[in-house]
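Here is a short report for a reader meeting this structure for the first time. Keep the sequence and the 3D view open while you read.

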Amino acid sequence: RGASAAAARAAQTPQTKALLRTAGDGIHIVNEEGRLIEMSDSFAEMLASTREKLLGRPIWTWDANQSEEKITAWLAKIKDGDKQRVDVQHRRDDGAIIDVELQMRVARVAGQLLIFGSGRDVTAVKRLMRQQAAMLESDLVGMAKVEHRRFTWRNAVFESIFGYERGELEGRSVREIYRDDETFHRVGREVYDILRNGAQYRTQLRMRRKSGDTVWVDFGAVPLADGEVLLMAIDITTAREAQEHLAHVAFHDALTQLPNRLLLADRLNQALATSRRDALQVAVCYMDLDGFKAVNDEHGHDAGDGLLREIARR
């Protein structure tokens with residue numbers, strides 16, 4: 001074991017030694033017994049170790065998922081020219097487990113098979129990808145990627161909000177979720193004008209489910225790379241309906257559902273403002289209901305209420 005490591009070091013040119021000192025990726029050489037005979041400084045740093053501690057150690061002492069038996073069986077099958085790219089996990093000397101993107105190639109040098117490896121620590125990248133995947137598959141926020149206003153990806157919530165089965169929207173136009181052409185074109189112009197200026201778009205829209213029913217959506221858009229746009233949608237139908245109900249109750253008579261004096265005052269103020277601006281006149285019509293008290297007195301309040309509801313309907 002020591003002889004092969006010494007031979008490898010002796011065969012190194014100054015350029016090779018410089019490469020091993022300065023390489024960014026974790027370059028390492030393993031003999032056919034699976035033992036480390038040479039490495040770059042970055043490989044030792046990646047494993048939170050030193051050259052002295054690592055030289056001569058077998059692969060299974062740092063591979064977090066493969067046993068000595070499995071690695072030995074793999075070594076028995078390798079041959080000159082083999083190459084492989086795998087995602088693995090390494091165990092550092094401090095006990096931490098890191099994700100590594102590993103590329104390997106087998107070559108015969110001076111009569112013995114050597115495995116040349118180049119490993120890159122992708123732990124942070126993998127963690128970010130897992131976090132992004134968790135966010136994209138959120139069970140609250142519907143998300144979709146679109147390009148040229150066609151769907152290229154959607155999460156399950158987005159499809160559920162608009163009443164589509166999994167994969168049904170693939171490649172289809174965003175027009176599918178708009179109530180009409182006018183809204184589709186208007187929102188499209190607004191979105192892309194805002195995104196081109198580096199801002200994010202957000203509004204509340206009445207949109208269309210597959211069934212044709214209306215759904216209220218808190219709707220947003222952010223730009224991605226290569227012309228893609230990420231759409232975000234939260235179903236706020238229940239909240240909007242509650243809001244509209246409260247507004248209706250506040251401004252309409254409970255019995256007849258006609259506008260009450262609060263709404264009359266609001267509309268009258270608007271009309272007067274318009275009349276002042278445009279030099280117009282405003283007329284207010286007052287209608288009295290003769291004989292109403294007699295109906296109440298003779299037939300009771302239920303009959304009086306029924307009469308008021310019918311007058312309101314007419």
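Leaving aside its neighbours within four places in sequence, which residues is Asn 296 in contact with? They are His 301 and Gly 304. Asn 296 itself sits in helix H11, which spans residues 292-299. Its relative accessibility is 16%, so Asn 296 counts as buried, the cut-off being under 20%. Bear in mind that the model is a predicted one.

**The five-stranded sheet**

Five strands make up an open sheet. Their order is S7-S6-S10-S9-S8, and they pair in the antiparallel sense. Strand S7 (150-154) and strand S8 (201-208) are at the edges. Each has a single partner strand, so one side of each lacks a neighbour in the sheet. From one strand to the next, the twist averages 35°.

Strand S6 covers residues 142-147 and pairs with S7 over four antiparallel bridges. Lys 145 has Trp 153, in S7, as its bridge partner.

Helix H8 (residues 181-196) lies across S6, S8, strand S9 (214-223) and strand S10 (229-235). H8 runs at about 160° to S8. Helix H9 (residues 237-251) also packs on the sheet, where it touches S8, S9 and S10. The direction of H9 makes about 120° with that of S9.

How many residues of strand S1 (residues 26-31) are buried? Five of its six are, so the strand is mostly covered.

S3 and S4 have five residues between them. In that turn, Gly 95 has a positive phi of about 95°.

**Loops and surface**

Positive phi values also turn up in residues other than glycine. One of them is Asp 226, with phi near 60°. Asp 226 lies in the loop between S9 and S10. With 73% relative accessibility, Asp 226 counts as exposed, because the cut-off is over 50%. Another is Ala 279, with phi near 55°. Ala 279 is placed in the loop between H10 and H11. Its relative accessibility is 70%, so Ala 279 counts as exposed too.

The loop between helix H10 (261-278) and H11 holds Val 282 as well. Is Val 282 buried, partly exposed or exposed? Its relative accessible area is 34%, which makes Val 282 partly exposed. Together with Leu 272 and Val 284, Val 282 forms a nonpolar patch on the surface. The accessible area of the three together is about 230 Å².

Technical notes. Residues are numbered from 1 along each chain as its sequence is written. This is a predicted model: local features need pLDDT of at least 70, side-chain atom pairs count only at pLDDT 80 or more; totals for chains, interfaces and linings use all residues. Side-chain values use heavy atoms; hydrogens and water are left out. Two strands pair if DSSP finds at least two bridges between them. Helices (H or I, at least four residues) and strands (E, at least two) are DSSP runs, numbered from the N terminus. Axes are lines fitted to C-alpha atoms, for helices over the stretch in contact, and angles run from 0 to 180 degrees between N-to-C directions. Contact means heavy atoms within 4.5 Å. Buried means under 20% relative accessible area, exposed over 50%, partly exposed in between (1.4 Å probe, protein chains only). Patches are made of residues with over 30% relative accessible area and no salt bridge: like charges are joined within 9 Å, nonpolar side chains (Val, Leu, Ile, Met, Phe, Trp, Tyr) within 5 Å. Accessible areas come from the Shrake-Rupley method with a 1.4 Å probe; for residues, only the protein chains shown count as cover. A salt bridge is a side-chain nitrogen of Lys or Arg within 4 Å of a carboxyl oxygen of Asp or Glu.
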